[in-house]
Structures are given as C-alpha cells and as structure tokens.
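Welcome, and please take a moment to look over the fold before reading on.

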Amino acid sequence: MTDLAETAVGAGFQLPESWRAVLAEETDKPYFAELAAFVAAQRAEHQVFPPAGQEFSALEATPYDKVRVLVLGQDPYHDDGQAHGMSFSVLPGTKTPPSLRNIFKELDADLGIPAPDNGYLMHWAEQGVLLLNAVLTVRAHEANSHKGKGWEKFTDAVIKAVSDRDEPCVFVLWGNYAKKKLPLIDTTKHVVVQGAHPSPLSAKLFFGSRPFSQIDAALAGFGAEPIDWRVPNLAE
C-alpha cells in the first residue's frame, strides 16, 4: 500500500475487500487521498451524510463479482436519517422519500408488486443490484454540496470496472445526469436501460417506462435469473 492509499485508509476510506484489487489503481491516485481529507475535514466542521463508515455501503452489499444490475443515482439524501450509502434506499423506519415512492409506484404498475411499508433496498442489493450514487457524501441539508470534489472520478471508475468485466450487466440510467455516463459503458456487451428520473419533477415521464420488466428481460437474455423486486415489509 502506498503512502497515498494509507492516507485515504487513515481517513476512514477503506473499500470492501471484493473491490480493492479492481480499484487499487484508482485509490492510489492523489485525488483519492485529497478526497478522503476533504470529507474528513467536512465531518469535523459539519454534519455529513451518510454517517462515517457508510460511504461504501453499496460496494459492501454488492460484491464486484456479484453485480448483475447497476442503478446509478446522483447525490445522497441530505435530510436527517435518510442516507446510508445506497442510492435511492433509506433505512427501515425512515419515511420513504418522493423519488423512491415513485419507483415503487412504477414497480407496482410494471410488475404488480405493491409498495412496501419501508424503503430499505438491501434485498435488491443482495441479489446483485449495485445501488451506486455518483457522489457518495453530502453536507446535511445542502444538496450537491460535495459535487466536484472527486467522488465522480471514483464512481466513474466503479462504472468502468463493472463494464470491463466479461460478465454482462444491466446499467440503469435515470435522468440526464446519469445518461452522461453512457460513454463509460461497453454497450456491445451490456444492456443499458434509460429513462426519466423518478423525481417528482420528471415523474410524469418516468411513469409507464417499465424499467423493471426491461431489466428482467435483459437478464433473461443473458441466461440469468430475474430480480425479486419485492421489498420485505417491516411486519414480515
């Protein structure tokens, strides 16, 4: 491990084991240590989401060799108790945010799966759905406050690492921001599902897009099992 990598680890930036080797070149770059120092300084002066140690929860929940679907979000939720390191997901007991409510509405319309009583998407992640945000931290109540600090370079490397695998994957790009990542993806090998963002601002275009059946059809084309999109209710 180089001095730069040790600096990042010292700041609490330790990748899950399955991702370390494939991203070693990236985490060895100067910007990654600078990013770790920036986030540490922000945490010392401000409330930052998700809590320390949860920045890489998505990578922890979905190992590199298990990724079957990559759903790209933009920025972590920035209100209290929402972000826990996985795009669109919130912990059990947290009110489901509007974008996720719209995702559940479309899931019901698409596959007839009713909305659950919570927004914890771990069941998806454990089946190989990588819930990746482009930016992995945010200052409390200040959307996009950690934009342009280096996270995008790192998550671009994550996207490319998945694209570079031999195993085909489904990439889900919702909204114009996510669609800009298309050049990182080898579309001769993988399937890309694009659509409007589920935000209330663009939900009219998101509704009716049937992304879940598209994803499952793509997986079937790969000879893979579909995703069980049900989210267990807390009462179960």
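Let us begin with how residues are sorted by class: Ala, Val, Leu, Ile, Met, Phe, Trp, Tyr, Cys and Pro count as nonpolar, Asp, Glu, Lys and Arg as charged, and the others, Gly among them, as polar. What you see is a predicted model, in which local features need pLDDT of at least 70 and side-chain atom pairs count only at pLDDT 80 or more, while totals for chains, interfaces and linings use all residues. Residues are numbered from 1 along each chain as its sequence is written, and side-chain values use heavy atoms, with hydrogens and water left out.

On a 1 Å grid over the protein atoms alone, a cavity is a set of points where a 1.4 Å probe fits but cannot get out, whereas a pocket is an open set with protein on both sides within 12 Å along at least five of seven lines; lining residues have an atom within 4 Å of a point. Grid points are joined across faces, edges and corners, and a volume is the space filled by probe spheres set on the points.

How many cavities of 30 Å³ or more does a search of the whole structure find? There are two. The largest cavity, at about 50 Å³, has a lining of seven nonpolar, three polar and one charged residues. Among them are P50, E55, P76 and L136.

The largest pocket holds about 450 Å³ of space. Of the 22 residues that line this pocket, D75, P76, Y77, H78 and S99 lie nearest its centre. Its lining divides into nine nonpolar, eleven polar and two charged residues.

Now to the packed interior. In soluble globular proteins, nonpolar side chains tend to be buried together. Here a nonpolar core is a set of buried Ala, Val, Leu, Ile, Met, Phe, Trp, Tyr and Cys residues joined through side-chain atoms within 4.5 Å, and buried means under 20% relative accessible area, with exposed over 50% and partly exposed in between (1.4 Å probe, protein chains only). The largest such core has 68 residues, and W124 and F154 touch the most other members. Helix α8 gives the most to this core, with seven residues.

Helices (H or I, at least four residues) and strands (E, at least two) are DSSP runs, numbered from the N terminus. Ten of the 13 residues of α8 are buried, so this helix is largely enclosed by the rest of the structure; F154 is one of the ten, as are W151 and E152. Contact means heavy atoms within 4.5 Å. Leaving aside neighbours within four places in sequence, F154 is in contact with residues including Y31 and F32. Both Y31 and F32 belong to the buried residues of α4, together with A33, L35, A36, V39 and Q42.

The lengths of these two helices can be checked, since the expected span is 1.5 Å times one less than the number of residues. For α8, its 13 residues should span 18 Å, and its end C-alpha atoms are 18 Å apart, which agrees. For α4 (residues 30-45), the 16 residues should span 22 Å, and the ends are 23 Å apart, which agrees too.

Most residues other than glycine have a negative phi, and most peptide bonds are trans. The peptide bond from F49 to P50, however, is cis, with omega near -10 degrees; P50 lies in the loop between β1 (48-49) and α5 (57-61). In the loop between β4 and α8 you will find H141, whose phi is positive, near 65 degrees. H141 is partly exposed, with a relative accessible area of 45%. N144 lies in the loop between β4 (138-139) and α8 (151-163) and has a positive phi of about 65 degrees although it is not a glycine. At 34% relative accessibility, N144 counts as partly exposed. Not counting residues up to four places away in sequence, N144 touches Q74, D75 and V138.
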